Every structure is written in structure tokens, then in C-alpha cells.
Amino acid sequence: MQASSLEIISNQSDIHEHLEEIVQKHLATDFQKPISAHTQAVFDRLNEQVLQSQKPVILDSCCGVGESTQHLAELYPDALVIGLDKSACRLAKHDALSSHNYVLERVDLNDFWRLVAQAQWPVYKHYLLYPNPWPKSKHIRRRWHGAAVFPALLQIGGQLELRSNWKLYLEEFQYALHQAGFMDTTFNAFQTEHPMTPFERKYQLSAHTLWQLQVDLSSQVRSR
Ligand SMILES: C[S@@+](CC[C@H](N)C(=O)[O-])C[C@H]1O[C@@H](n2cnc3c(N)ncnc32)[C@H](O)[C@@H]1O
């Protein structure tokens, strides 16, 4: 069968050979890259809102056009839902509708997650839906579990849910979670009648298997 143009083509067929080493290094060192002024300013503004609202926070990281953010806001009317993406172009395509308990902001998550972790926001749920796969082996450090910000992502806590059409991405993420001591994860294929995001919709229409990985980062006692 011919590969569809959406098919993930990778020169990797298994967990990246250096992933353990990379994750261990990131867990053992501080990520010192300076925070960009733009992301700091957005965080400061949102921090006021989080403190004032006293609502549980739901993060929708890599939200793209914000379709999932809006959906989550409708699903959780008592939460403050924050959609985050670095692409002004994608965010600008968002059609704002009725719900008022969500915001969309342009940030670099490499910076933003560190600020959220430091401020200990009351994050109840954290969604990471269809992150860029970076399928070439040499780009392992661009995948979130291979990035220096990975420990901060874990420190944010909450119930983290990732979705991807590339099973290996989530297998690697699960492997990295295990490296960090989070052993209790749920990993499965799923189908949905109501896609949460444009990427989910187009992958499902192309008959891709959709995968999800869930971990509760707040309730687990880390085993290392
Ligand atoms: C494949 S798209 C998925 C978008 C959306 N979740 C969906 O499923 O339709 C990945 C998104 O991650 C965003 N992204 C990648 N790196 C980022 C970063 N460092 N900070 C913020 N957003 C980032 C991109 O701008 C892009 O919108």
C-alpha cells in the first residue's frame, strides 16, 4: 500500500539509542537558557489571572488553532483553560465563540513551562495533542521528551495526556517518564467520533491509528 502524505517516515524503528542518556542528563542539570521577554510578559499577565481566579488550570500546550482549547473550556466550565502555541499564524485562525473561560496565548513552551513549574500553578489537566513528531533520528532533542525542558514539563504536574499518530513518539515519551520515575501510565489506541483538533480529524480521515498516553503527574510517588 502506498504511504499517504501524512504517514510518518522515520529512519528510527525503535526507542532512540541515546534517549536514556539524554533524559538522565536533563533530569540532572538545570535548563539555563534565558526566558524570552515576550513569553515572560505573557506569563506575568496570565499569572495575575490564575492567582485572581483561584480556578483549577487546564493547559492545552501546542494548541495550534485552539479548537481543542475551546472544546476543553466547554467541557470544564469551572476551570481556566489556557491554550498555548508559538505560531501567531495558527492562533490567528481561531474562531472565538461563546465560552469565556479560556484564553489563547503565543509563547515558547521551552520558556513558559519553566515559569509555570516555578510558580506551582494549580494545573489539573495538561494536554499535548499531536506535538510535532520530528521523526528524523538526529532531531531527538526537538521531541518534548528529548528536550531540556522535559523536567519542567513533569514538574508542572496534573493529569498529562498526549496524543499522536506516531506510536514511537509516545513509546519514547513513556520510556522517558519511566526514566523520571513515573511508572504508572496508560497507553492505548483509540477512535473518536468527535475529533478534538484539526490534526486528529485529518489523521482519522486518513485511517491512521490514533494513540494516547496518559499519566497522573501529581498523585504518583516517583519511584526514584
Ligand atoms: C502538529 S501541530 C498540532 C496542533 C494542534 N494540537 C492540533 O492537533 O491540531 C503542533 C503545534 O505545536 C506548536 N509548537 C511547536 N513547538 C512549540 C513551542 N516551542 N512552543 C509553543 N508551541 C510550539 C506548533 O506551532 C504547532 O501549532
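Student: Before we start, what should I know about the numbering and the pLDDT cut-offs?

Tutor: Residues are numbered from 1 along each chain as its sequence is written. The model is predicted, so local features need pLDDT of at least 70, side-chain atom pairs count only at pLDDT 80 or more, and totals for chains, interfaces and linings use all residues.

Student: Okay, which residues come nearest to the ligand?

Tutor: A residue is near a molecule or strand if its C-beta atom, placed from the backbone, lies within 6 Å of it. There are 18 residues around the ligand, and the nearest are Cys 62, Gly 64, Lys 86, Thr 197 and Phe 199.

Student: And which element gives the most to that shell?

Tutor: Helices (H or I, at least four residues) and strands (E, at least two) are DSSP runs, numbered from the N terminus. Two or more shell residues come from helix 5 (109-119) and from helix 8 (198-205). The top contributor, with three residues, is helix 8.

Student: Where do helix 2 and helix 5 meet?

Tutor: Contact here asks for C-beta atoms, placed from the backbone, within 7 Å of each other. On the helix 2 side they are Thr 39, Phe 43 and Asn 47, and on the helix 5 side Asp 111, Phe 112, Leu 115 and Ala 119.

Student: At what angle do the axes of helix 2 and helix 5 cross?

Tutor: Axes are lines fitted to C-alpha atoms, for helices over the stretch in contact, and angles run from 0 to 180 degrees between N-to-C directions. The axes of helix 2 (residues 37-53) and helix 5 come within 9 Å, and the crossing angle is roughly 35 degrees.

Student: Phe 173: is it buried or exposed?

Tutor: Phe 173 sits in helix 7 (residues 167-179), and it touches His 145, Leu 162 and Leu 213, leaving aside residues up to four places away in sequence. A residue is buried if 20 or more other C-beta atoms lie within 10 Å of its own, exposed if 12 or fewer, and partly exposed in between, with C-beta atoms placed from the backbone. Because Phe 173 has 26 other C-beta atoms within 10 Å, it is buried.

Student: Which residues have the most contacts inside the largest nonpolar core?

Tutor: A nonpolar core is a set of buried Ala, Val, Leu, Ile, Met, Phe, Trp, Tyr and Cys residues joined through C-beta atoms within 7 Å. The largest one has 53 residues, and the most contacts inside it belong to Val 57 and Val 81.

Student: What about Gln 120, buried or exposed?

Tutor: Gln 120 is in the loop between helix 5 and strand 4, and just after helix 5 it takes a positive phi of about 55 degrees. Since Gln 120 has 10 C-beta neighbours inside 10 Å, it counts as exposed.

Student: Last one: how does Trp 134 count?

Tutor: Trp 134 lies in the loop between strand 4 (123-129) and helix 6, with a positive phi of about 45 degrees although it is not a glycine. Because Trp 134 has 18 C-beta neighbours inside 10 Å, it counts as partly exposed.

Definitions and conventions. Two residues are in contact if their C-beta atoms, placed from the backbone, lie within 7 Å.
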